[in-house]
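Biologist: Let's go through the ligand site and the spaces inside this one. I'll ask, you answer.

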Amino acid sequence: MSIFIIEHLEPELYPWCIIEYKSISKIVGRENLIFTNVAQKDVKKLSGYGLVFIKSVKKMKLKNTCVLDPEAKTQLNPKDKADYFIFGGILGDDPPRKRTGVELTKFIPNAKQRNIGKQQLSTDNAVFTVNKIINEHKYLKDLKFQDSVEIKKNKIESFILPYRYNLANGRPFICKELIEFLKKKKNF
Ligand SMILES: C[S@@+](CC[C@H](N)C(=O)[O-])C[C@H]1O[C@@H](n2cnc3c(N)ncnc32)[C@H](O)[C@@H]1O
């Protein structure tokens, strides 16, 4: 099994990041997951979910790597092989600011670069998709997605998450903990 690496690129380890990273650990298993570029003070918060490094993946000189970047020219397919699949630990932004390329891809010039479509997925949905393609040998065209998810806060208010979500058993793949977190959130 390939190792999945999440290079944390947000200025803080926000609760939203922790919820997504926990969800990723459930998808690929903590033994197959590495977090890099994590502040010393936050190491313990993630150590239950995977191996945690303060060092950035950009300085690790790993071989046989593949970076997942929405701006990559080539689409990932089940024949792609890599020892490490690297993702940006970046929260979604609308419109996308192309942070993956600027903050990650360009620093790992020897890595393969692959997209999983042009639409922006959350990091856990990107991992879900890559896991389906690489470990379950599915083609992207055979996976089902929903663009944008609405979360009802109460009878009047709702949030729209304008990202692409996998459909798992006909429902968008979004963990319950994130839904509860968003419902309690005052500002969005
Ligand atoms: C929420 S996305 C952040 C994307 C960021 N807004 C940008 O424009 O680069 C978090 C991570 O999931 C992965 N990802 C999301 N959608 C992707 C796609 N369509 N193709 C490849 N990787 C994707 C990338 O590794 C990305 O850094």
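Biologist: What space does the ligand take?
Modeller: Before that, this is a predicted model: local features need pLDDT of at least 70, side-chain atom pairs need 80 or more, and totals for chains, interfaces and linings use all residues. Numbering runs from 1 along each chain as its sequence is written, and side-chain values use heavy atoms, without hydrogens or water. A pocket here is an open set of points on a 1 Å grid over the protein atoms alone, where a 1.4 Å probe fits with protein on both sides within 12 Å along at least five of seven lines, and a molecule sits in it if more than half of its atoms lie within 2 Å of its grid points. By that test, the ligand takes the largest pocket.

Biologist: How much space lies in the largest pocket?
Modeller: Its volume is the space filled by probe spheres set on grid points, joined across faces, edges and corners. For the largest pocket that comes to about 450 Å³.

Biologist: Which element gives the most to the lining of the largest pocket?
Modeller: The lining (residues with an atom within 4 Å of a point) holds 27 residues, with Asp-69, Pro-70, Thr-100, Gln-120 and Leu-121 nearest the centre. Strand 6, helix 3, strand 7 and helix 4 each supply at least two of the lining residues; these elements are DSSP runs, H or I of at least four residues for helices and E of at least two for strands, numbered from the N terminus. With 3 residues, the top contributor is helix 3.

Biologist: Around the ligand, how does the shell divide into nonpolar, polar and charged?
Modeller: The shell has 23 residues (a heavy atom within 4 Å of the ligand), and the closest are Leu-68, Asp-93, Thr-100, Gly-117 and Gln-119. Strand 6 (84-89), helix 3 (99-103), strand 7 (112-115) and helix 4 each bring at least two residues to this shell. Count Ala, Val, Leu, Ile, Met, Phe, Trp, Tyr, Cys and Pro as nonpolar, Asp, Glu, Lys and Arg as charged, and the others, Gly among them, as polar. The shell then splits into 9 nonpolar, 8 polar and 6 charged.

Biologist: And how much of the ligand does the protein bury?
Modeller: Look at the polar contacts (N or O pairs within 3.5 Å): a ligand oxygen is 3.2 Å from a polar backbone atom of Arg-99, and a ligand nitrogen is 2.9 Å from a side-chain N or O atom of Gln-120. A nitrogen of the ligand also comes 3.0 Å from a polar backbone atom of Leu-121. Alone, the ligand exposes 580 Å², by Shrake-Rupley with a 1.4 Å probe. The buried part of that area is 99%.

Biologist: Let's move on to the second largest pocket. Which element has the largest share of its lining?
Modeller: This pocket has a volume of about 330 Å³. It is lined by 13 residues, and closest to its centre are Arg-171, Pro-172, Ile-174, Lys-176 and Ile-179. Two or more lining residues come from each of strand 8 (145-152), strand 10 (171-172) and helix 5 (176-184). The largest share, 4 residues, belongs to helix 5.

Biologist: What about Asn-64: what is its phi?
Modeller: Asn-64 is in the loop between strand 3 (51-52) and strand 4 (65-68). Its phi is positive although the residue is not glycine, with a value near 55°.

Notes
Polar contact = N/O pair within 3.5 Å; in protein donor to acceptor, adjacent residues only side chain to side chain.
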